[in-house]
Every structure is written in structure tokens, then in C-alpha cells.
Amino acid sequence: MWSKIWLETRKVNPVLLSFNCHTVSDGALGSLKNKARKAITRQRPFCSAVLEHFDHQYSEELGDLWPSARAVLLDPQSWQYGVMLNRFSTVTDITQVVLSLGFSSLPPQTDVSALLSYAASSVSNSKYEEGQDTLLSPPYISKCPPEDYILQPDATSQDSLTEFILSLPHSSLQCYVHPHPLRFPSQAHRPGWLKQYYLLNAASLLPVLALQVRDGDKVLDLCSAPGGKAIAIMQSATPALLCCNEPDPHRRDWLSKTLESFLPHSLNNSVIVSAQDGRSFGHSKPGFYDKVLVDAPCSNDRSWLYCGSQQQGEQRLKDRARLPVLQAQLLRSALSAVRRGGVVVYSTCTLSSFENRAVVEAVLNDFPEAELEDLWEEIASPLSKYFMFSPHLARGQTHANPSLLPLSSRLGILVVPQPGKTWGPMFLSRIRRK
Ligand SMILES: C[S@@+](CC[C@H](N)C(=O)[O-])C[C@H]1O[C@@H](n2cnc3c(N)ncnc32)[C@H](O)[C@@H]1O
């Protein structure tokens, strides 16, 4: 038996979503229908102090791009949502549903394999050896890798790792986007049941693509809650270890629930949750990881515009000034945690150059082993059909064609929301430890 719900958007005709009844009950569908309608019709008041501050800063930093970005940020009804499929869910009807609704794959599968050029490659030589029974207890407990965890080549265990990886569903990051602001209903957390998809701002996938995780890598997600990028990492490859770190207890619970909702128990040994202050993580595990993601706490432009009250908005703006110091400390710690030759991706969801360009610049200046990598040619150029990218240039640099600038001038790429491409804000930069 099939159940049906209608979603209405302002720009498209009502669209019919069908779900197989073994995934969502009829009662749940009724409430999803109401929620979907509410999400579309409710007007949210914005905080004028925050908007004024943004106007002042971003008109200077983004020039002509700011008025259209501003219009998008002030119109939540125009926001698009990506639907990232969960490769571990055994329910397979979602792809047909999204395609029949006019969603398309982002990026197309061929582009994904080019971007994740290493991800589909063979298992690496390293192997995560479980040294303690703690990792076998209930899913995603709060534990850091114990000191005696070692990763070393070992023929026998390598075979079993290969076998284990081959037994998993094929790695592929599949995200579907719609040209219009059509919002898929979110799925509630139900213990013992794997969700079929994760709703996200599609620009959130870019730091994960930039990280280029390969099967067998040891990966650290330094600022992990609520876990969207950790889930995306697990769609794109099967790392030997993914350590999801989150110091805030409430957000860590949220993270654990996300992991539990998307990943099978068979991954409990390789996906772990830790509770450290990210600023000191690098000292406790120097040179241990192949890849580190620093999706830093930042002034989240989208949500800050809609903070509860003027007073709260003003407080946030005061706190904003302290963020770059914290962000630089986290990035330095990540560079200590990564092995020589490994990479760190730094990302934020703000347009602010103080939290983006300035942080990367400061860390590059005092970390001689850090080498900036080019994301313009690798990510911005091939994906410019989907996202509006602006290069984040070094101070004082301007150029109509960013490809012609020396790499040292391009500190990262910035996704600026625009009408019809409402993804972002998202800044990302990749640094290799020499
Ligand atoms: C932008 S959010 C991360 C979003 C997450 N990566 C995702 O994709 O779902 C930043 C996170 O950093 C955490 N955080 C704040 N201070 C931190 C610190 N000192 N060390 C590590 N994480 C921190 C915040 O609690 C927050 O959950």
C-alpha cells in the first residue's frame, strides 16, 4: 500500500511525494504533510541588528554579489534543500521518488568519481586495530582512540579489512537537488532503523569532497555535531577510522543519534565519538590522522539572521569578534593531528572574511609545514553550474579570472547564495602538511 502527501511550493505546481508504507506510517505522513506546509508558509522575523552588521561588512567584502545574496538569506521560502541518500539503508525506492519529482543528481555520478579520484581506489595499507573492548559496546560511545591504538600493515588483518569493506554497499556520495525550493519531509529518529536520506544544504558536501577520503584512511572530524559531514564522509568512502569529536554534551548526544540513525552497527568499531576540546586535540594525537576536517564553529549567517531577539543578535555580534582566534586554534590543532603528507580541510558557513581568509592566512604564516592547495580548479570550476563561487583572495588582491592568479592568492573558495542557486554560505580551504 502506498501513502501520498502533497508538498506545495510557491514556484512549482503542487508536487506529489509517495512513500512506501513500510518506511513511514500513515499517521507520520499526515504530520509530515502539516510540517511541510508550515515550513513553507511561516514567515520568520529577522534580527535587524544582525542584518545591519552584515550589510555594512558584506557590501564591502562581496560588492555586487551582496544584494542578491542578501535577498536569498532574507527569503527562507526560496531556500533549496539537498537530499543525500544513505547507502546503508536497504530501502531502495527513494531514488525513483526523487527522480520522478524532478530532482537531479548533484554532482552527476561521473563528476563525483572525478572529484573523489582516490576514494574509489583500493584499500590502503593501513589497518585500524581495535585494542579495547570499549569500542564494541553500544553504538558511538564517547571515546577517543586510546593511546595504544595502532595502525599498521598486517597481511591477515588486511585481508579481513578488505573483506569487510567489500561486504559494505558500494561507496558513492549520492545527493539530489531540485531547481526549486521543494522540501522533502525529514525522517524522525527511530532506534534500530536506518534513515534513507539526510536533508542538507548541498554546499555542505564540498568540504567532504575536498577532503578526498579513501577507503582505509584515518579521519578526524574535529567539530562534528550534528554529524552531517560525518555521514557524508561515510557515504563517500569506508575509512578505517572516523573519529567524530564534539565537546558540547548536548550536541554530542545529537551527533550520536545522527550516527545511530545512518550507520549500521557493523561500523561501531571504526566510527567513534570523542569529547575533547578541539584546540588541544592535536597535542594528544600528533601526526595520527590522514585527513582532518575542521568544520569550525562560526557566525552561521543563515541562522544568525533569524536569532530569537534583538538582544540575542547583539550578543552574538559581540561574540563574533572572538571567533577567529578560536578558529585559528582549531586549525593549528588539526595541522598537528594530521600526518606529514596528510590534508586538513577548513570550512565555515559564514561569508565573513575575518573567519575565512584571515584565519587561513594567519595559520599559514605561523605554520611553516602548511601548504595551501588549489580548490578553484578542482572544485569551483567543475561545479560552477550548481554553485555561485567567489574566490577568497589574499588581502588587496582582485582579479576577474581567479584561475590566472598565483595559488598563494587563492586562500579558499566561497559559495555565495544566489537566486536559483541558494546553496551556501560555505567557505572551504585545503591545507597539506608538508
Ligand atoms: C559548524 S558546527 C559543525 C557542523 C558539523 N560538522 C556538521 O556537518 O554537522 C561546529 C561545531 O563545533 C563545535 N565546537 C565549538 N567549540 C569547539 C571546540 N573548542 N572544539 C571542537 N568543537 C567545537 C560546536 O559545538 C559545533 O557543534
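**The contact of α13 with α14**

Guide: In this predicted model, the contact brings P324, Q327, A328, L331, R332 and L335 of α13 against V359, V360, A362, V363 and D366 of α14. Sorted by class, the residues of this contact comprise eight nonpolar, one polar and two charged.

The geometry can be considered next. Two packed helices are described by the angle between their axes and the distance between the axes. Helix α13 spans residues 323–337 and helix α14 spans residues 357–366; they pack at an angle of about 45°, and their axes are 9 Å apart. Because of that angle, α13 is oblique to α14: an angle under 35 degrees would have counted as roughly parallel, and one of 65 to 115 as roughly perpendicular. The crossing in which α13 passes α14 is right-handed.

Helix α2 (residues 48–62) and helix α12 (residues 310–320) cross at roughly 40°, and their axes come within 7 Å. On the α2 side, the contact is made by S48, A49, V50, H53, F54, Q57 and Y58, while α12 contributes Q310, G313, E314, L317 and R320. The residues in the contact of α2 with α12 divide into five nonpolar, five polar and two charged, whereas the contact of α13 with α14 has eight nonpolar, one polar and two charged.

Notes
Residues are numbered from 1 along each chain as its sequence is written. This is a predicted model: local features need pLDDT of at least 70, side-chain atom pairs count only at pLDDT 80 or more; totals for chains, interfaces and linings use all residues. Side-chain values use heavy atoms; hydrogens and water are left out. Axes are lines fitted to C-alpha atoms, for helices over the stretch in contact, and angles run from 0 to 180 degrees between N-to-C directions. Helices (H or I, at least four residues) and strands (E, at least two) are DSSP runs, numbered from the N terminus. Angles under 35 degrees count as roughly parallel, over 145 as roughly antiparallel, 65 to 115 as roughly perpendicular and the rest as oblique. A crossing is left-handed if the near helix is turned anticlockwise from the far one by less than a right angle, and right-handed if clockwise. Contact means heavy atoms within 4.5 Å. Ala, Val, Leu, Ile, Met, Phe, Trp, Tyr, Cys and Pro count as nonpolar, Asp, Glu, Lys and Arg as charged, and the others, Gly among them, as polar.
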